[in-house]
Amino acid sequence: MTQLNDWQARLTSTTAPAAVVLIRLYVGAVFLFEGIQKFLYPDDLGTGRFDKAGIPAPGFFGPLDGVFEIVCGALILTGLLTRLAAVPMVVNMLGALLTTKLPILWGDAPLFDGESGWWDFIHESRTDLAQLCGSLFLLIVGAGAYSFDARLHRAAAAAPAEKEAARR
């Protein structure tokens, strides 16, 4: 039981200021809404986009990515298990940058005909880079003071003290 409490405490701990809520709201909302759109517009943003980008098994990975973005986006948005939710989103953004944006540098990006070079790469990568940096930030600092993680952490920290007081 102590091991579980230690794990929970490490996962939910945060010394970040309340202003982190702004980063959480932005990062979580973008992931949540992009995930939903993968199902609303599968040809353009889901399976069809994955197929056009040359990602193997697009019928599997497109919806899987959408589910991860919806679930992790909602968790980040609410500040629940934020660090845990940030990990797959870091992987997601690295994958998006490597498979769809990096080929722009040498003019071989199936999703971006006619675009090539540094400036086109930076322009098309701006949201992915912002999401990657935001996810890394949340992974490092946690959800901040206004989050379910902070409430869970306070409750987990108070529980041993309450048990000790009850024993006396």
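Biologist: At what angle do the axes of helix H2 and helix H7 cross?

Modeller: Two packed helices are described by the angle between their axes and the distance between the axes. In this predicted model, helix H2 (residues 20-40) and helix H7 (residues 118-141) have axes that come within 10 Å and cross at roughly 130°. H2 and H7 are therefore oblique to each other. The crossing in which H2 passes H7 is left-handed.

Biologist: Which residues make the contact?

Modeller: H2 contributes Val20, Ile23, Arg24, Tyr26, Val27, Val30 and Phe31. From H7 come Thr127, Ala130, Gln131, Gly134, Ser135, Phe137, Leu138 and Val141. By type, the contact of H2 with H7 has 10 nonpolar, 4 polar and 1 charged residues.

Biologist: What span should the 21 residues of H2 have?

Modeller: At 1.5 Å a residue, H2 should span 30 Å, and its end C-alpha atoms are 30 Å apart, which agrees.

Biologist: Which residues of H2 are buried, and what do they pack against?

Modeller: Among the buried residues of H2 are Val20, Arg24, Val27, Phe31 and Lys38. The buried residues of H2 pack against helices H3, H4, H5, H6 and H7.

Biologist: At what angle do H5 and H6 pack?

Modeller: The angle is about 145°, and the axes of H5 and H6 are 9 Å apart. The crossing of H5 and H6 is left-handed. Residues in the contact include Phe68 and Leu75 of H5 and Ala85 and Met89 of H6. The contact of H5 with H6 divides into 8 nonpolar, 2 polar and 2 charged residues.

Note on methods:
Residues numbered from 1 in each chain as written. Predicted model: local features only at pLDDT ≥ 70, side-chain atom pairs only at ≥ 80, totals over all residues. Heavy atoms only, no water. Axes fitted to C-alpha atoms, helices over the stretch in contact; angles between N-to-C directions. Helix = DSSP H or I, 4+ residues; strand = E, 2+ residues; numbered from the N terminus. Parallel < 35°, antiparallel > 145°, perpendicular 65-115°, else oblique. Left-handed = near helix turned anticlockwise from the far one by under 90°. Contact = heavy atoms within 4.5 Å. Nonpolar A, V, L, I, M, F, W, Y, C, P; charged D, E, K, R; others polar. Expected span 1.5 Å × (residues − 1). Buried < 20%, exposed > 50% of the residue type's maximum accessible area, 1.4 Å probe, protein only.
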